[in-house]
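The following note collects comments on a structure under review.

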Amino acid sequence: MAAPLTPGAATRGEEDGDGHRIGARAARNEDSQDCILEPLSLPEGPGGTTTLEGSPSVPCIFCEEHFPVAEQDKLLKHMVIEHKLVIADVKLVADFQRYILYWRKRFTEQPITDFCSVIRINSTAPLEEQDNYFLLCDVLPEDRVLREELQKHRLKEILEKQQQERNDNSFHGICMFCNEEFLGNRSVLLNHMAREHAFSIGLPDNIVNCSQFLCTLQKKLDSLQCLYCEKTFRDKNTLKDHMRKKQHRRINPKNREYDQFYVINYLELGKSWEEVQSEDDRELSGQQEDAWCDWEEHPAPAVCLFCDKHAETMEKLCVHMEDAHEFDLLKIKSELGLNFYQQVKLVNFIRRQVHQCRCYGCRVKFKSRADLRTHMEEAKHTSLLPEMKAWDQPEYYFPTYENDTLLCTLSDSESDLTAQEQNGSIAIISEDTSKLHALKQSSILNELLRHECLKN
C-alpha cells in the first residue's frame, strides 16, 4: 500500500471510513471554536499572516497553528497527534524555529514521503485500523546538513555575543553577597565574588549571557534556595550559614539550566561540557605516558595580607610584606614563639580585620581597603599587633577565605626546630653519664631480662 502524500490526507482517509470518529471530532472542533482563549487579529492579506524567523511563535509544519517558542513540546505533541509526524532528537536541533520553518517550506515543494521514513503501526490489524506515522531524522542527509548548519550559525552568534560582553565596559551589576555595586567590565564583579566570597562560576572568558546568568542566580538566592544542593531554607541567615558551613558557595554542575551560559556547551552538536571533557580525558589516557621526571608542579600562589599581591612561595610573600608593608611575619613568629596553630589564628585574625576595613592597631574602621592600607602604612600600624589574647581565640581557627593558600604554607614546630638546629640557635644538652653505673642497675631492662630467663 502506497504511503499518502501528506499526513493530513492519511488522516482524512481513515476518518471517512468511520462516521462516529468524524462526528466526534467535528463536535470537539465546534466546541473549541466557540471558546476564545486568546486575542484575535484580522488577516493582513489574502494569504494570511506570514511568519518570519524573528517572530516569537513557531508555526506547525502542516497547518496554521502557532505555538510560543518556549512551548515547543506542545507543538511537537500537536504534530504527532494531528499530523502523525515525529521529529527525532529534537534536543540536537540548535535553532528549533529555523528548523521548523525550513521543513515547512520544503514540505510544500515535495511529498512528505520523499523526506520521512514511514512507520506503520497495527500492521496485523484490519486495514481500517492501521495507521502510518512519519519519522524525520538526521539519517536523511539534508536533515543532517541542516542541523550542522544551524549549529554553526548558533556557535557563531554565541561567540560574537561573548566577544561583545568581554569588550563591554558599560556593565552594571551588584554583588549577590555584599550588595556592592560594580561598573565597567563584567570580570570585575566575577573576580570580586571569587576573591572576597569564595564564589566562582568560572572564568569570565568562558561565560556568555552573563547578566542573565547572574539574574538567574540572584532569583534563586532571593527565593532562599541553595545554589549547590538547591534546598530551600526558612530565612536568609540560615541559607547563608548553610552555604558557608557546607561549602556550597558554588553552583550545581548537574543542573542543565546553567549549560546555556557556558561557551563549551555550544562547541559540538548535542554534546554537553561533561561529554566534551570526558572525551578529552580519554584522549589523554590513550596517549603514551611520559616519564614522571618531566612533570612539574605549579603551586597555587598565596595572597598578601594587606593587598592583592600574589607570590608563588612563602619566602617571596614574606619579602613583599616586609618591603611594601613593613610587616615581618617570620620575625613576629620568632619573637612571640608562635606554634603552627597560633600562626593560623594570627593570619585569620588579620585577614578578617582587613576584610572588614578595620585597623587592628587603633581599631578605626575605614570605607575601603585602599583607605585602610594607606592609614596603616602612614601610621606604621601594620606591625602594631594587639595583645595576644585578642587574636589567640578559637574563633580564628576558621579561615576568613576558604581558598587562603597562605595557611597551607605556614611551617609547623618540627620544621622550625630542624631549621633552628641547623643554625645552631638551640643548645643541645647531652645526657648525664656521671652516674652511668647506677643507671644500669636501676634500668627496667634488667627486670625484663630476668623475666625472659625465668620463662626459659
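What share of the contacts in the protein chain with a separation of 6 or more is accounted for by residues 24 or more positions apart?

1. Overall organisation. The model under review is predicted. Residues 24 or more positions apart account for 50% of the contacts in the protein chain with a separation of 6 or more. The secondary structure consists of 18 helices and nine strands. The protein chain has 456 residues, and 33% of them count as buried. Its accessible surface is about 29900 Å², with 52% of that area belonging to carbon and sulfur atoms.

2. Cysteines. The number of disulfides in the structure is zero. For Cys307, the closest cysteine sulfur is that of Cys304, and the distance of 3.7 Å is too far for a bond, because a disulfide requires the two sulfur atoms to be within 2.5 Å. Cys137 has its closest cysteine sulfur in Cys116, at 8.3 Å, which is likewise too far for a bond. Both residues are buried: Cys137 has a relative accessible area of 12%, and Cys307 has one of 13%.

3. Salt bridges in total. Across the whole structure, a search finds 26 salt bridges. Side chains of opposite charge can pair when their charged atoms come close.

4. Arg166 is partly exposed, at a relative accessible area of 35%. Asp205 also counts as partly exposed, at 40% relative accessibility.

5. Two further pairs. Lys74 and Glu71 form a salt bridge in which the closest N and O atoms are 3.4 Å apart. Lys74 counts as partly exposed at 48% relative accessibility, and Glu71 counts as partly exposed at 31%. The side chains of Glu196 and Arg195 also meet in a salt bridge, at 3.4 Å from N to O. Here the two partners fall into separate accessibility classes: Glu196 counts as buried at 13% relative accessibility, while Arg195 counts as partly exposed at 38%.

6. Is His197 buried or exposed? At 11% relative accessibility, His197 counts as buried, because the limit for that class is under 20% relative accessible area. The side chain of His197 makes a polar contact of 3.3 Å with the side chain of His192. Leaving aside neighbours within four places in sequence, His197 is in contact with Cys175, Phe177, Cys178, His192 and Arg249.

7. Tyr341, Tyr397 and Phe398 make a nonpolar surface patch of about 390 Å². Of its members, Tyr397 is located in the loop between helix H14 (388–391) and helix H15 (406–409). At 41% relative accessibility, Tyr397 counts as partly exposed.

8. Backbone angles. Which residue has a positive phi of about 60° although it is not a glycine? That residue is Lys84, and Lys84 lies in the loop between helix H3 (72–83) and strand S3 (85–87). Lys84 counts as buried, at 12% relative accessibility. A positive phi is also found in Asn209, again a residue other than glycine, with a value near 55°.

Methods:
Residues numbered from 1 in each chain as written. Predicted model: local features only at pLDDT ≥ 70, side-chain atom pairs only at ≥ 80, totals over all residues. Heavy atoms only, no water. Buried < 20%, exposed > 50% of the residue type's maximum accessible area, 1.4 Å probe, protein only. Patch = residues over 30% accessible without salt bridge, like charges linked within 9 Å, V, L, I, M, F, W, Y side chains within 5 Å. Areas by Shrake-Rupley, 256 points an atom, 1.4 Å probe, with all protein chains shown as cover. Salt bridge = Lys/Arg side-chain N within 4 Å of Asp/Glu carboxyl O. Helix = DSSP H or I, 4+ residues; strand = E, 2+ residues; numbered from the N terminus. Polar contact = N/O pair within 3.5 Å; in protein donor to acceptor, adjacent residues only side chain to side chain. Contact = heavy atoms within 4.5 Å.
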